[in-house]
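Here is a short briefing on selected local features of one protein model. Please look over the sequence and the structure before reading on.

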Amino acid sequence: MKHMPKNSMCIFLCFLLAISLSGCSGGTEINEKNITQTVLKVEKALKSFDEDDLKKYVESDTLSKILSVSNGKKQFGELGRAIFEELSIEIDSIDVENAAVTVFVKNRELSEIASAFAKDLSETYTSFQLLGKLNDEDFLNSNLSRLTEDISSAKMQDGSTKITLNIKKGKKNLVLSFDGEAENAVSGGALGAIMKTFSASL
């Protein structure tokens, strides 16, 4: 095997370095570029309901609790993807100094569907019974699939909702922090109702 000339080796190494850096999410510096990349990452993670990326880029009490019991169950994954499938997030303004980003979000109108689902379950099962049902495959298949189907046929909201998200530094990337109002906005009202249903089990 012939030796590679030194200048060719340098070019090759620089090329590899450029490729490796192009896949990075921007690091933990709070600047406009990294904030923009993080918003895009969060939108993608929600729409695909990527549990690993949600844990990495999103701080949300409700989502954290749901993910703690979903434990990779396909029914929760399908439900999550249905909730956020039509979600859109558009940046309105970035406040680097105060580590915040204001966005317009739009999704399906899911508050009534999720509330009806929550009410039906709460009238059928006690909180203790629901706790046991979280590991019941037949229950998850029948109930969560029904909710998923209802969500998939819901209409889009008429307009967008404006919310402001705080930005925090994670270990290797920025994290968007969602309060209850923001959770409901991105989920079309679904997360609040689902949390109400399973609150005693989470």
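The model is predicted, so local features need pLDDT of at least 70 and side-chain atom pairs count only at pLDDT 80 or more, while totals for chains, interfaces and linings use all residues. Residues are numbered from 1 along each chain as its sequence is written, and side-chain values use heavy atoms, with hydrogens and water left out.

**Helix H2**
- Helix H2 covers residues 32-48, which is 17 residues; helices (H or I, at least four residues) and strands (E, at least two) are DSSP runs numbered from the N terminus.
- From first C-alpha to last, H2 reaches 24 Å, close to the 24 Å expected at 1.5 Å a residue; the expected span is 1.5 Å times one less than the number of residues.
- The buried residues of H2 are Asn 34, Ile 35, Thr 38, Val 39, Val 42, Glu 43, Ala 45 and Leu 46. Buried means under 20% relative accessible area, exposed over 50%, and partly exposed in between (1.4 Å probe, protein chains only).

**Thr 62**
- Thr 62 sits in helix H4, residues 61-70, and counts as buried because its relative accessibility is 7%.
- Its side chain makes a polar contact with the side chain of Glu 183 at 2.7 Å. A polar contact is a pair of N or O atoms within 3.5 Å; within protein, one must be able to donate a hydrogen and the other to accept it, and residues adjacent in sequence count only if both atoms are side-chain atoms.
- Leaving aside residues up to four places away in sequence, Thr 62 touches Glu 183, Leu 191 and Met 195, where contact means heavy atoms within 4.5 Å.

**Salt bridges**
- The structure holds six salt bridges, each defined as a side-chain nitrogen of Lys or Arg within 4 Å of a carboxyl oxygen of Asp or Glu.
- Glu 86 pairs with Arg 108 in a salt bridge, with the closest N and O atoms 3.8 Å apart. This pair links distant parts of the chain, 22 residues apart: Glu 86 is in the loop between helix H5 (74-84) and strand E2 (88-95), and Arg 108 is in the loop between strand E3 (100-106) and helix H6 (111-124).
- Glu 86 is partly exposed at 34%, whereas Arg 108 is buried at 7%.
- Asp 120 and Arg 146 form a salt bridge at 3.5 Å, N to O.
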